[in-house]
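Please look over this model with me before we discuss it. My notes are below, in numbered points.

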Amino acid sequence: MNGVMHLLFIGIVFLNVIVPILILLLIGASLQRKFNFDLKAMSNLITYCFMPAAVFMNIYETDIDFGVLLEIIGYLLIFSFCLMIVSSFISKILKLDKGEAGIFNNSVVLMNSGNYGIPVSQLIFQANPLGVSIQIIMVVFQNIITYTYGLYNLISATKSGLDILRALMLLPIIHAMILGGLLNAFHINIPKFIWIPINQLSNAFIAIALILLGAQLAKIQFRTMLNKLIIVSSIGRLLISPGIALILIYIMGLDGVVAQSLFIASSFPTSRNSATLAMEYDVYPEVAAQTVLFTTVLSSLTVTIVVYISSILFV
């Protein structure tokens, strides 16, 4: 009977958390095939409008203890470093060339914390905004990793440190996080005529971000997807990453919503930014895009299981 209850709970998690995401992804893919949207324009709309509004609202409305913030940052630094070491070690075992190694390392270390992670967190932590705020910190941290480590993996010979720093400081979610944090810290009330449009943009973020992701996935070719590099990348991103996260969480003594949020976040699929960078600099762009698709599809199962495990371990 106990086993039946566990399966029932997993089914409920899948139905209430993953299925809504899959529906929106399917809508995005269907619309893209019919209308062929300008994905670059849609991506800019997310990056410069909807995501900053969602980040601002969550940071503004949530009180994060400074000690907890330091704890999260410390965890993220160690966690990312561990993933870098493991992925580098595996790429050497597989004897990948420099380009393949860069794609593989990025696929394991860079996760889709933005237009996949935030919607998942908002669905799971509806009653506890701290969980969403932790995910937003993950988004900012992942952007830093993407435009430093991720960029270095692909174009270390052509980009200077100043160019990378400039690109990072132009990210609107950085400004939104700082502004939201300052207004929160000094308890500054936002006028209603400003609050309403920001709130509406924030509420629209989930649906539009997932529809965009579905539209992007619709353009990826399925052929030649089941190759060694993509399969090992998926294992690293969806299985090894949560395993490392769980070990670190216990070593660092994290618990409650903090532990649950960080553990769930470790299981998200490969970041779409890894495919974008690969396409921009022409480093195995087909493999990078297929890895994003493959891990996103498989994550419908793995994320469900991780959410279930987290609900048992960190109550």
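The points below go from confidence, through helices and loops, to distances and cysteines.

1. **Ground rules.** This is a predicted model; local features need pLDDT of at least 70, side-chain atom pairs count only at pLDDT 80 or more, and totals for chains, interfaces and linings use all residues. Residues are numbered from 1 along each chain as its sequence is written, and side-chain values use heavy atoms, with hydrogens and water left out.

2. **Confidence.** pLDDT is the predictor's confidence in each residue, from 0 to 100. The chain averages 84. Of the residues, 91% score at least 70. Which element has the lowest mean pLDDT? Helix H7 (residues 161–169) does, with 66. Helix H10 (residues 228–252) has the highest, with 95. Where pLDDT is low, the predicted coordinates should not be read in detail.

3. **Helix H3.** Helices here are DSSP runs (H or I, at least four residues), numbered from the N terminus. H3 covers residues 66–93 and has 28 residues. From first C-alpha to last, H3 reaches 41 Å, close to the expected 40 Å. That expected span is 1.5 Å times one less than the number of residues. Buried means under 20% relative accessible area, exposed means over 50%, and partly exposed lies in between (1.4 Å probe, protein chains only). The buried residues of H3 include Ile72, Tyr75, Leu76, Phe79 and Leu83. Some serines are buried in H3 too, among them Ser80, Ser87 and Ser91. H3 is followed by Lys95, whose phi is positive, near 55°.

4. **Helix H4.** H4 spans residues 98–109 and has 12 residues. Its reach from first C-alpha to last is 16 Å, close to the 16 Å expected. Why is H4 described as largely enclosed by the rest of the structure? Because 10 of its 12 residues are buried. Among them are Gly99, Ala101, Gly102, Ile103 and Phe104. Asn105 and Asn106 are on the buried list as well.

5. **Positive phi in loops.** Asn36 sits in the loop between helix H1 (2–35) and helix H2 (39–61). Its phi is near 55°, a positive value in a residue other than glycine. Is Asn36 buried or exposed? Asn36 is exposed, with a relative accessible area of 53%. His187 is in the loop between H8 and H9. The phi of His187 is also positive, near 50°. His187 counts as exposed, at 66% relative accessibility.

6. **A nonpolar patch.** Ile178, Leu182, Phe186 and Ile188 make a nonpolar surface patch of about 410 Å². Patch residues have over 30% relative accessible area and no salt bridge; like charges are joined within 9 Å, and nonpolar side chains (Val, Leu, Ile, Met, Phe, Trp, Tyr) within 5 Å. A salt bridge is a side-chain nitrogen of Lys or Arg within 4 Å of a carboxyl oxygen of Asp or Glu. Ile188 lies in the loop between helix H8 (172–185) and helix H9 (192–218). Ile188 is partly exposed, at 39% relative accessibility.

7. **The H12–H13 loop.** Tyr281 lies between helix H12 (272–280) and helix H13 (285–313). Tyr281 is partly exposed, with a relative accessible area of 25%. Val283 is found in the loop between H12 and H13. Val283 counts as buried, at 13%.

8. **Sequence and space.** Phe294, in helix H13, is buried at 17%. The C-alpha atoms of Phe294 and Leu130 are separated by 30 Å; along the chain the two are 164 residues apart. Ile134 lies in helix H6 (residues 129–155). Ile134 is buried, with a relative accessible area of 0%. Ile134 and Ala29 are 29 Å apart in space and 105 residues apart in sequence.

9. **Cysteines.** Cys49 is partly exposed, with a relative accessible area of 26%. Cys82 is partly exposed as well, at 24%.

Terms used. Helix = DSSP H or I, 4+ residues; strand = E, 2+ residues; numbered from the N terminus. Areas by Shrake-Rupley, 256 points an atom, 1.4 Å probe, with all protein chains shown as cover.
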